[in-house]
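Here is a short tour of one model, written for someone who likes cut-offs spelled out. Have the structure open beside you as you read.

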Amino acid sequence: MKPAVQKPAPEFTRRSDDGRTVSLSGLRGQWVVLYFYPRASSPGCSIEARRFEAALPEFERLNAAVIGVSTDTEAHQAHFRDTCGLTHPMIPDGDKELCRAYGVVGGLGGLLGMASRATFLIDPQGVLAYEHRSANPAGHASVILQELERRVGATQTD
């Protein structure tokens with residue numbers, strides 16, 4: 001079952017590849033960009049992760065934490081982090097529990113046991129505000145940044 005926009009986002013507490021404990025409840029009070037990708041170190045996923053990393057100062061300016069998730073092992077995620085020069089948390093989801101909670105194991109990726117490419121924008125109260133699924137890793141981060149800017153701008157003018 002996948003989560004629904006305007007409903008509470010599925011809670012999680014996971015350990016990132018670099019040993020940080022990351023929990024959705026611990027991020028209350030700020031926006032959360034939770035992006036899922038099929039395979040660490042693949043060309044498309046490397047492009048996508050680097051785009052999120054490059055935009056990290058803009059996400060932080062908008063009070064948003066960026067977190068990447070794939071079904072890869074902790075060691076594979078750590079290698080991916082080092083290869084791509086990533087600083088944001090990367091969560092290995094080998095048991096696919098987090099991927100299932102967000103409804104991203106499906107299609108061809110589901111047959112291979114991988115996550116599909118999807119990003120969830122979670123508001124500061126823990127409510128799923130926006131969902132984006134795309135096969136375009138190069139433009140994924142910019143779409144999410146634009147959506148976040150639109151939403152933050154709307155709350156500042158209300």
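## A buried ion pair

Arginine 117 and glutamate 48 are both buried, where buried means under 20% relative accessible area, exposed over 50%, and partly exposed in between (1.4 Å probe, protein chains only). The two form a salt bridge, with their closest N and O atoms 2.5 Å apart; the term stands for a side-chain nitrogen of Lys or Arg within 4 Å of a carboxyl oxygen of Asp or Glu. The pair links distant parts of the chain: arginine 117 sits in the loop between helix 5 (107-111) and strand 6 (118-122), while glutamate 48 belongs to helix 1, 69 residues apart. Helices (H or I, at least four residues) and strands (E, at least two) are DSSP runs, numbered from the N terminus.

A word on the ground rules: this is a predicted model, in which local features need pLDDT of at least 70, side-chain atom pairs count only at pLDDT 80 or more, and totals for chains, interfaces and linings use all residues. Residues are numbered from 1 along each chain as its sequence is written, and side-chain values use heavy atoms, with hydrogens and water left out.

## Other salt bridges

Searching the whole structure gives 14 salt bridges. One of them joins the side chains of arginine 81 and aspartate 18 at 3.8 Å, N to O. This pair also links distant parts of the chain, with arginine 81 in helix 3 (residues 74-84) and aspartate 18 in the loop between strand 1 (13-15) and strand 2, 63 residues apart. Arginine 81 is buried at a relative accessible area of 8%, whereas aspartate 18 is partly exposed at 39%. Asp17, Asp18, Arg20 and Arg81 are linked in a network of salt bridges.

Arginine 39 and aspartate 72 meet through their side chains in another salt bridge, at 3.2 Å from N to O. Arginine 39 is in the loop between strand 3 (31-36) and helix 1 (43-54) and aspartate 72 in the loop between strand 4 and helix 3, so this pair ties together parts 33 residues apart in sequence. Here arginine 39 is partly exposed, at 33%, and aspartate 72 is buried, at 2%.

## Around proline 92

Aspartate 72 turns up again among the contacts of proline 92, which also include Arg14, Asp17, Ser70 and Gln77, leaving aside residues up to four places away in sequence; contact means heavy atoms within 4.5 Å. Proline 92 is part of strand 5 (residues 90-92) and counts as buried because its relative accessibility is 12%.

## Two positive phi angles

Most residues other than glycine have a negative phi. Serine 41, in the loop between strand 3 and helix 1, has a positive phi of about 75 degrees. It is partly exposed, with 32% relative accessibility. Asparagine 63 also has a positive phi, near 60 degrees. This asparagine 63 is found in the loop between helix 2 and strand 4, and at 39% relative accessibility it is partly exposed.
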